[in-house]
Amino acid sequence: MIKTDALDTRPWYQEPWPWLLMSGPAIVVVAGFVTLYLAVSGQDGLVVDDYYKQGKTINQSLHRDDVARQIGVTATVNFDQINDRLVVALSRTDGQALPAAISVGLVHATRSGEDKIISLSLGVNGYAGKLPVLGAGKWNVLIEDAQKQWRLQKEILVDARPVPVLQISPAGKS
């Protein structure tokens with residue numbers, strides 16, 4: 001016959017099995033609170049309320065690519081990160097004059113709060129202005145005239161290395 005007094009000398013909380021069995025649900029509860037915190041504190045920057053309106057805007061943007069291709073506009077963009085200068089040289093093959101002003105959008109791939117729009121006027125050396133600080137990651141360079149009739153765009157990667165001089169031509173036929 002086995003004596004039960006000799007086996008039950010330790011309290012339950014000193015045994016490993018109850019703690020092992022309780023650790024699974026405890027981890028799930030902690031993970032639930034972490035998920036709740038991330039959901040409440042994060043921003044839903046990529047969610048669009050009106051998908052139909054957004055689709056119509058995309059079609060208008062594609063039309064601007066077609067106009068840029070028709071007039072033959074191309075750009076050379078120099079990111080002078082040492083002097084914090086952005087220099088854009090435009091050319092057109094249709095023989096028309098260059099616009100007096102352009103806007104350069106530096107659009108972050110996932111964080112719309114970090115987007116930067118720079119208005120540049122035509123000067124002796126092309127279009128020049130102050131280069132804002134860009135965080136690491138993927139960025140879209142968007143160049144358009146003041147009337148938003150045409151646009152040029154290209155994706156760049158910003159990291160510890162200097163951004164190379166960009167040659168931007170109209171997007172391919174869609």
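A salt bridge here is a side-chain nitrogen of Lys or Arg within 4 Å of a carboxyl oxygen of Asp or Glu. The model is predicted: local features need pLDDT of at least 70, side-chain atom pairs count only at pLDDT 80 or more, and totals for chains, interfaces and linings use all residues. Residues are numbered from 1 along each chain as its sequence is written, and side-chain values use heavy atoms, with hydrogens and water left out.

### Overall layout

The protein chain has three helices and eight strands. Helices (H or I, at least four residues) and strands (E, at least two) are DSSP runs, numbered from the N terminus. Along the sequence the pattern reads α-α-α-β-β-β-β-β-β-β-β. Of the 174 residues in the protein chain, 26% are buried. Buried means under 20% relative accessible area, exposed means over 50%, and partly exposed lies in between (1.4 Å probe, protein chains only).

| Salt bridge | Closest N and O atoms |
|---|---|
| Glu114 and Arg111 | 3.7 Å |
| Arg161 and Asp159 | 2.6 Å |

How accessible are the partners? Glu114 is partly exposed at 27% relative accessibility. Arg111 is partly exposed too, at 46%. Lys148 is partly exposed, with a relative accessible area of 47%, whereas Glu144 is buried at 8%. Arg161 is exposed at 57%, while Asp159 is partly exposed at 31%. Lys148 and Glu144 also belong to a network of salt bridges that links them with Arg64.

### The sheet

Eight strands form an open sheet with antiparallel pairing. Their order is β7-β6-β3-β4-β5-β2-β1-β8. β7 (151-158) and β8 (166-168) stand at the edges. Each has a single partner strand, so one side of each is left without a neighbour in the sheet. On average, neighbouring strands of this sheet are turned by 25° against each other, direction ignored. Axes are lines fitted to C-alpha atoms, for helices over the stretch in contact, and angles run from 0 to 180 degrees between N-to-C directions.

Two strands count as paired if DSSP finds at least two bridges between them. Strands of a sheet pair through backbone hydrogen bonds, either parallel or antiparallel.

Gly137 stands opposite Val158 in β7. Glu144 stands opposite Arg151 in β7.

Now take β5 (residues 126-130). With β2 (residues 85-91), β5 pairs in the antiparallel sense over four bridges. There, Leu86 stands opposite Gly129 in β5. β4 (residues 116-123) also runs antiparallel to β5, joined by two bridges. Gly123 stands opposite Gly126 in β5. β4 and β5 form a hairpin with two residues between them.

### Aromatic rings and a surface patch

Which residues do ring pairs link into a cluster? They are Trp12, Tyr13 and Trp19. Rings of Phe, Tyr and Trp (its six-membered ring) pair if their centres lie within 6.5 Å; planes under 30 degrees apart count as stacked, over 60 as edge-to-face and the rest as tilted. The count is two aromatic pairs. The rings of Trp12 and Tyr13 have centres 6.0 Å apart and planes at 85°, so this pair is edge-to-face. Trp12 and Trp19 form a stacked pair, with 6.0 Å centre to centre and 25° between the planes.

Trp12 lies in the loop between α1 (4-7) and α2 (16-41). At 54% relative accessibility, Trp12 counts as exposed. Tyr13 is partly exposed at 47%, and Trp19 is partly exposed at 46%.
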